[in-house]
Amino acid sequence: MYDTYARPVRDLRNNYSELAEITKEHNHIIITNNGREETVLIGVEDYHLYQDYLYERYVREKLAEVEAVAGSADAWMDEDDFWKAIE
């Protein structure tokens, strides 16, 4: 569980079922091409977890930006200025 394997790109075609079984156990496979790392193969469950992580990180960053702006004196205006800005 959570091991990383390195396999050549030809294994995608020749041994896909074996690679799929490896990723189902939450392992990751680094696909190499001419001996260089090129792609990472992960299972779909791990992919969804990664997507959730990225979304949560994005939301946290945006909330931090909003909090920083809301904390500054320039972020607020009085009601009269607001209605003037709307017009």
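Biologist: Why does Trp83 count as partly exposed?

Modeller: In this predicted model, Trp83 has a relative accessibility of 47%, and because buried means under 20% and exposed means over 50%, with partly exposed in between, Trp83 counts as partly exposed.

Biologist: What makes Phe82 count as partly exposed?

Modeller: The relative accessibility of Phe82 is 38%, which lies between the limits of 20% and 50%, so Phe82 counts as partly exposed.

Biologist: Why is the aromatic pair of Phe82 and Trp83 called edge-to-face?

Modeller: The ring centres of Phe82 and Trp83 are 5.0 Å apart, and rings pair if their centres lie within 6.5 Å; the angle between the planes is 75°, and because planes over 60 degrees apart count as edge-to-face, the pair takes that name. A search of the whole structure finds 2 aromatic pairs.

Biologist: How do you know that β2 and β3 are paired strands?

Modeller: Strand β2, residues 28–33, is joined to β3 by 5 bridges, and since two strands pair if there are at least two bridges between them, β2 and β3 are paired and run antiparallel. Asn33, for instance, has Arg36 in β3 as its bridge partner.

Biologist: What makes β1 and β3 the edge strands?

Modeller: The open sheet has 3 strands in the order β1-β2-β3, with mixed pairing, and β1 (4–8) and β3 (36–41) each pair on one side only.

Biologist: Which strands does helix α2 touch as it packs on the sheet?

Modeller: Helix α2, residues 16–24, touches β1, β2 and β3, and its direction makes about 165° with that of β1.

Methods
Residues numbered from 1 in each chain as written. Predicted model: local features only at pLDDT ≥ 70, side-chain atom pairs only at ≥ 80, totals over all residues. Heavy atoms only, no water. Helix = DSSP H or I, 4+ residues; strand = E, 2+ residues; numbered from the N terminus. Contact = heavy atoms within 4.5 Å. Axes fitted to C-alpha atoms, helices over the stretch in contact; angles between N-to-C directions. Phe/Tyr/Trp six-rings, centres within 6.5 Å; stacked < 30°, edge-to-face > 60°. Buried < 20%, exposed > 50% of the residue type's maximum accessible area, 1.4 Å probe, protein only.
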